[in-house]
Amino acid sequence: MGEEGTGGTVHLLCLAASSGVPLFCRSSRGGAPARQQLPFSVIGSLNGVHMFGQNLEVQLSSARTENTTVVLLVGLEELTNIRNVERLKKDLRASYCLIDSFLGDSELIGDLTQCVDCVIPPEGSLLQEALSGFAEAAGTAFVSLVVSGRVLAATEGWWRLGTPEAVLLPWLVGSLPPQTARDYPVYLPHGSPTVPHRLLTLTLLPSLELCLLCGPTPPLSQLYPQLLERCWQPLLDPLRACLPLGPRALPSGFPLHTDILGLLLLHLELKRCLFTVEPLGDKEPSPEQRRRLLRNFYTLVTSTHFPPEPGPPEKTEREVYQAQLPRACYLVLGTEEPGKGVRLVALQLGVRRLLLLLSPQSPSHGLRSLATHTLHALTPLL
């Protein structure tokens, strides 16, 4: 695979490792799919780099940017043992929506954090009970409710899915065109890279879908429409209340400081996160700019200040180092004068890490206090 950025356009190219035959090329410009494709001369050059590396026993296995990870929806065996290139090209088309969503300006952040994008429903316990009952009736342990690519409730079996499938499955559902019901074959990169499972999706309301991961049974006709209506028709009002949660992530009326323009809360042990840049109405900068600022700030603090994984201090000679790990940091962009620039602050307490994007009115000396108060308010939710 190779990536090249030219004039703001990003190209993702996948080549067959053995022959150099182009399998697909997807392009994005300004966060949206682009028609411009890589010229054949560039594809040939990238293949030349791959072949040169092979001769030196260096394998070019992938190429990625700091903010994008690309995953394919075909089995590992098919990718490493290509028998029919044209058939493989056809099979790869099933992954185009997912790949384009990675290249575009997504509202999600799981590709960067490797945590599941979640939302907090106003009546979570009621939905969780209904979800468990539906899973038992359907005969599968892996069921979730997904709104705009974010998980709002899931069974214990679904939460036990490993990385990256726990992140990818809801992202995939959010990237697909609307459809009443689907029976979609998927390969699990960690759990089952060579044997496909069935991903069944049933639309309850626009952008709100019920997702099941299962084997040969149950048939889709067993679930839709009889079982679906029996389990979920009585809950239409609580389900409708979940529709605005896509971009907002938090229930309406949740108390947040008016200076907060965006937030990212991660539970590093559960591998779940809440991400929103629309907590309180319309202010500058734009939602796209806010997402970009928070993504870049996350990359900065994760690579330079905070360890990637939580854990208790080791009772060894590293104890002193562990004790000196930072708990908070902040960044002022623009100027520290009141009313100008933006503020970013990160705080880590135990297994939770909070990143806030704040308006220029927020004084620098109060950033840690504001972050601590916000983290304590959010802790019961995640």
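Contact here means heavy atoms within 4.5 Å. The structure is a predicted model, in which local features need pLDDT of at least 70 and side-chain atom pairs count only at pLDDT 80 or more, while totals for chains, interfaces and linings use all residues. Residues are numbered from 1 along each chain as its sequence is written, and side-chain values use heavy atoms, with hydrogens and water left out.

Leaving aside residues up to four places away in sequence, Leu 169 touches Trp 158, Leu 161, Val 186, Leu 188, Leu 199 and Leu 213. A nonpolar core is a set of buried Ala, Val, Leu, Ile, Met, Phe, Trp, Tyr and Cys residues joined through side-chain atoms within 4.5 Å, buried being under 20% relative accessible area (1.4 Å probe, protein chains only). The largest such core has 43 residues, and Trp 158, Leu 169, Val 186, Leu 199 and Leu 356 touch the most other members. Helix α8 (residues 165-175) contributes the most to this core, with seven residues; helices are DSSP runs (H or I, at least four residues) numbered from the N terminus. A separate second core of 30 residues includes Val 119, Ala 135, Leu 223 and Trp 232.

Two aromatic pairs were found, taking rings of Phe, Tyr and Trp (its six-membered ring) with centres within 6.5 Å; planes under 30 degrees apart count as stacked, over 60 as edge-to-face and the rest as tilted. The rings of Phe 102 and Trp 171 are tilted, with centres 4.8 Å apart and planes at 35°. Phe 102 lies in helix α4 (residues 96-103) and Trp 171 in helix α8, so the pair ties together parts 69 residues apart in sequence.

Definitions and conventions
Buried means under 20% relative accessible area, exposed over 50%, partly exposed in between (1.4 Å probe, protein chains only). Helices (H or I, at least four residues) and strands (E, at least two) are DSSP runs, numbered from the N terminus.
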